[in-house]
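Dear colleague,

I am handing over the structure we spoke about, and I would be grateful if you could look through it with the notes below beside you.

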Amino acid sequence: MNALSSPMVATAKLPVLNPGEFELWKMRIEQYFLMTYYALWGVIVNGDSPPPKRTVDGVEKTYPPTTVKEKLARKNKLKARGTLLMALPNEHQLKFNSYKCAKTLMEAIKKRFRGNNELKKTQKILLKQQYKNFNGSSSEGLDQTYDRLKKLISQLEILGETISQEDMNLKFLRSLPSEWKTHTLIWRNKLDLDTLSMDDLYNNLKIYETKVKGSSSLNQNSQNMAFVSSNNSGSSKQAHGSNSANTDSMGDDVIYSFFANQSNSP
């Protein structure tokens with residue numbers, strides 16, 4: 001009984017490559033070959049056996065396989081290459097059909113699809129850094145902060161990054177500007193942050209947005225009034241000093257005039 005007729009092989013299913021999961025596919029395709037026909041994986045790893053050659057009249061020529069061993073080597077070569085092509089998505093099979101050796105075909109597949117994984121890995125690192133440094137600002141509304149954070153979390157999840165519900169909620173609360181401090185402190189101490197959805201947390205905070213913005217505007221107006229009052233106080237002092245100087249000058253003139261008149265009188 002050969003390997004292809006065993007019950008285990010009958011249930012083995014050829015794994016088709018998902019362009020975003022090359023490493024997983026490589027592991028599965030190797031297991032598939034080892035379960036079905038071990039010699040085929042050897043052809044993929046080591047390359048094809050050299051074609052049979054004979055020397056006639058001092059000239060070396062390639063001939064079709066004639067011995068059982070040569071025929072088996074050719075069969076394995078064709079089968080390994082054909083199986084790899086069948087394991088590719090339909091839209092990629094024609095692109096790789098030009099590779100006639102199973103080993104070079106596998107190397108081309110690796111070069112094409114593993115690069116995508118490396119790109120996604122880099123992208124995930126950048127997105128994780130953005131998530132770590134995420135912050136809202138007083139110039140944007142609660143809606144904008146929430147939407148930006150939601151989009152960032154969705155991008156990370158697409159790349160396979162798992163973020164706990166509690167971590168999402170805490171990140172949202174900590175990212176809000178200082179005018180939200182009273183409300184965020186209350187929510188950060190609640191016990192259900194690990195089960196509460198971000199949508200529900202957002203809806204609860206949305207109720208207080210008008211009050212928070214109003215309080216922020218009142219504080220800003222108070223600061224402006226204090227600044228204006230300080231400027232007016234400085235102006236008053238300057239005006240008082242000017243008036244005092246004028247008064248002193250007038251006094252000097254009156255005294256000078258008095259003594260001048262006294263000196264002209266008999």
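By the rule that a salt bridge is a side-chain nitrogen of Lys or Arg within 4 Å of a carboxyl oxygen of Asp or Glu, the count comes to six salt bridges. Before the details, please keep in mind that this is a predicted model, in which local features need pLDDT of at least 70 and side-chain atom pairs count only at pLDDT 80 or more, while totals for chains, interfaces and linings use all residues. Residues are numbered from 1 along each chain as its sequence is written, and side-chain values use heavy atoms, with hydrogens and water left out.

Among these salt bridges is the one between the side chains of Arg148 and Glu140, with 2.9 Å from N to O. For burial I use relative accessible area, where buried means under 20%, exposed means over 50%, and partly exposed lies in between (1.4 Å probe, protein chains only). On that scale Arg148 is partly exposed at 38%, whereas Glu140 is buried at 12%.

Another salt bridge joins the side chains of Asp143 and Lys206, at 2.8 Å from N to O. This pair links distant parts of the chain, with Asp143 in helix α7 (residues 142-158) and Lys206 in helix α10, 63 residues apart. Helices (H or I, at least four residues) and strands (E, at least two) are DSSP runs, numbered from the N terminus. Both partners count as partly exposed, Asp143 with a relative accessibility of 32% and Lys206 with 31%. Lys206 also meets the side chain of Glu209 in a salt bridge, with 2.5 Å from N to O, and Glu209 is buried, having a relative accessible area of 12%.

Turning to the chain as a whole, the protein has 11 helices and two strands, and along the sequence they follow the pattern α-α-α-β-β-α-α-α-α-α-α-α-α. Of the 266 residues in the protein chain, 27% are buried. The accessible surface comes to about 18300 Å², and 54% of that belongs to carbon and sulfur atoms; accessible areas come from the Shrake-Rupley method with a 1.4 Å probe, and for residues only the protein chains shown count as cover. Among contacts (heavy atoms within 4.5 Å) with a separation of 6 or more, 62% are between residues 24 or more positions apart.

Phe33 sits in helix α2 (residues 22-36) and is buried, with a relative accessible area of 0%. Not counting residues up to four places away in sequence, Phe33 touches Tyr38, Leu40, Trp41, Ile44, Ala80, Thr83 and Leu84. The C-alpha atoms of Phe33 and Ile44, which are 11 residues apart along the chain, are separated by 9.9 Å. Asn76, in helix α4 (residues 68-86), is buried at 8% relative accessibility and, with residues up to four places away in sequence left out, touches Tyr37, Ala39, Leu40 and Val43.

In helix α8 (residues 165-175), the buried residues are Met168, Asn169, Leu170, Lys171, Phe172, Leu173 and Ser175, and the buried residues of α8 pack against α6 (102-132), α7, α9 and α10. Thr184 is found in helix α9 and counts as buried at 6% relative accessibility; leaving aside neighbours within four places in sequence, Thr184 is in contact with Leu173 and Leu176.

Finally, which residues form the negative surface patch? They are Glu166, Asp167, Asp192 and Asp194. Patches are made of residues with over 30% relative accessible area and no salt bridge, with like charges joined within 9 Å and nonpolar side chains (Val, Leu, Ile, Met, Phe, Trp, Tyr) within 5 Å. Lys and Arg count as positive and Asp and Glu as negative, while His and the chain ends are not counted, and the place of a charge is taken as NZ of Lys, CZ of Arg, CG of Asp or CD of Glu.
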